[in-house]
Amino acid sequence: MPFARTIESWWAGRPLRTRLTTVSVGLLGVLLAAFGGSLYWGLRRFLIDGTARRVRAQAKPIVDHHMARLASGTPLDARAEQIGRALTSRDTNALVIDRHGRQLADGRRLPEEPAAARPQSKAVRRALQGDTEVTYTTDRRAGRSLVALVPLRRAPGSSDVLGVAQLTTPLAEVDRLLTRQGRWIGAGLVAAFGVGLWAERWLIDAALTPLRRMTRSARRMAAGRYDERLRLPALDDEVGELAAAFDDMAAHIEDAFASQSRFVAAAAHELRTPLTALRGSLDVLQRGSQDDPAASRRLMQGMQREIR
């Protein structure tokens with residue numbers, strides 16, 4: 001795809017430091033976000049479950065007391081009002097529902113007491129079947145609330161469920177705590193991200209320093225300084241192996257250029273003697289040895305021997 005190739009080409013053209021920093025920062029951000037999210041949601045679940053356990057623990061002795069006073073064969077309607085009022089407090093509302101889903105009593109009497117949440121038929125059916133852990137949250141105009149359903153049994157452990165007590169408690173305090181803790185978690189993640197970013201840049205710079213030194217050394221060698229070496233401390237990694245190979249290559253290049261220089265000097269020395277002889281013979285020819293054919297012939301033969 002053209003767009004993918006464009007992105008790939010753009011990415012390949014970025015400096016190595018930029019690519020390493022981008023990838024590491026992206027991974028760090030994802031890991032911190034996942035950690036912060038799991039921490040926040042774990043705390044949220046813990047607080048909501050703790051609130052549900054508290055509401056159920058407070059309701060159990062009251063429910064057991066009133067259900068024990070319900071005579072055998074007496075319908076739940078007879079004590080629905082008493083159960084609703086006993087379970088209702090300034091932070092909890094109790095709504096009593098019979099086995100047919102009809103609302104028998106709402107325990108709210110004072111304005112400061114919370115209002116009952118609208119019953120959810122599916123949750124009520126589960127509680128009527130004997131499920132003692134039916135809990136859910138609901139969003140209302142006044143804020144979020146926790147709803148816990150407590151089966152009303154004629155006797156503890158009995159399978160005869162006469163109805164359900166729906167307990168509604170506001171989660172305002174839990175939400176305030178979550179908001180405060182969320183801010184602390186966010187601040188901690190930002191701080192951790194900053195420290196991690198600084199550490200990553202330091203590590204990347206430390207990893208790329210030998211490569212920068214290698215680049216500078218290669219440029220100096222290109223300018224004629226064949227004695228240039230990295231001389232890095234022994235590193236047991238890929239960069240250390242590359243640095244050692246670079247120093248070996250530089251040493252071979254220096255030896256090759258030294259050998260070439262020695263060869264050129266020796267060749268110049270070897271050529272100097274025949275060239276001097278040729279220059280002398282040419283000088284003699286120019287001074288008039290051409291009038292003596294025998295001398296000219298000897299000079300020409302001598303020059304031929306020099307260039308053979």
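Predicted model: local features only at pLDDT ≥ 70, side-chain atom pairs only at ≥ 80, totals over all residues.

**The largest pocket and its setting**

Mentor: The chain has 308 residues, and 31% of them are buried. Its accessible surface amounts to about 19900 Å², with 59% of that area belonging to carbon and sulfur atoms. If you consider contacts between residues at least 6 apart in sequence, 54% of them join residues at least 24 apart.

Now to the part you asked about. The largest pocket has a volume of about 310 Å³, and its lining is made up of 14 residues. Nearest the centre of this pocket you will find Lys 60, Asp 64, Thr 132, Val 150 and Pro 151. Two elements, α2 (residues 16-68) and β4 (residues 143-153), each contribute at least two residues to the lining, and the largest share, five residues, is supplied by α2.

A search of the whole structure finds one aromatic pair. This pair is formed by Tyr 40 and Trp 41, whose rings have centres 5.8 Å apart and planes at 85° to each other, an edge-to-face arrangement. Since over 60 degrees between the planes counts as edge-to-face, the 85° of this pair places it in that class. Tyr 40 has a relative accessible area of 26% and is therefore partly exposed, whereas Trp 41, at 52%, counts as exposed, because the cut-off for exposed is over 50%.

The other detail is Asp 106, which belongs to strand β2 (residues 103-106) and, with a relative accessibility of 32%, counts as partly exposed. Although Asp 106 and Leu 95 are eleven residues apart along the chain, their C-alpha atoms are separated by 4.6 Å. Once neighbours within four places in sequence are set aside, Asp 106 is in contact with Asn 93, Ala 94, Leu 95 and Ala 116.

Notes. Residues numbered from 1 in each chain as written. Heavy atoms only, no water. 1 Å grid on protein atoms, 1.4 Å probe; cavity = no way out; pocket = protein on both sides within 12 Å on 5 of 7 lines; lining within 4 Å. Points joined across faces, edges and corners; volume = space filled by probe spheres on them. Helix = DSSP H or I, 4+ residues; strand = E, 2+ residues; numbered from the N terminus. Buried < 20%, exposed > 50% of the residue type's maximum accessible area, 1.4 Å probe, protein only. Contact = heavy atoms within 4.5 Å. Areas by Shrake-Rupley, 256 points an atom, 1.4 Å probe, with all protein chains shown as cover. Phe/Tyr/Trp six-rings, centres within 6.5 Å; stacked < 30°, edge-to-face > 60°.
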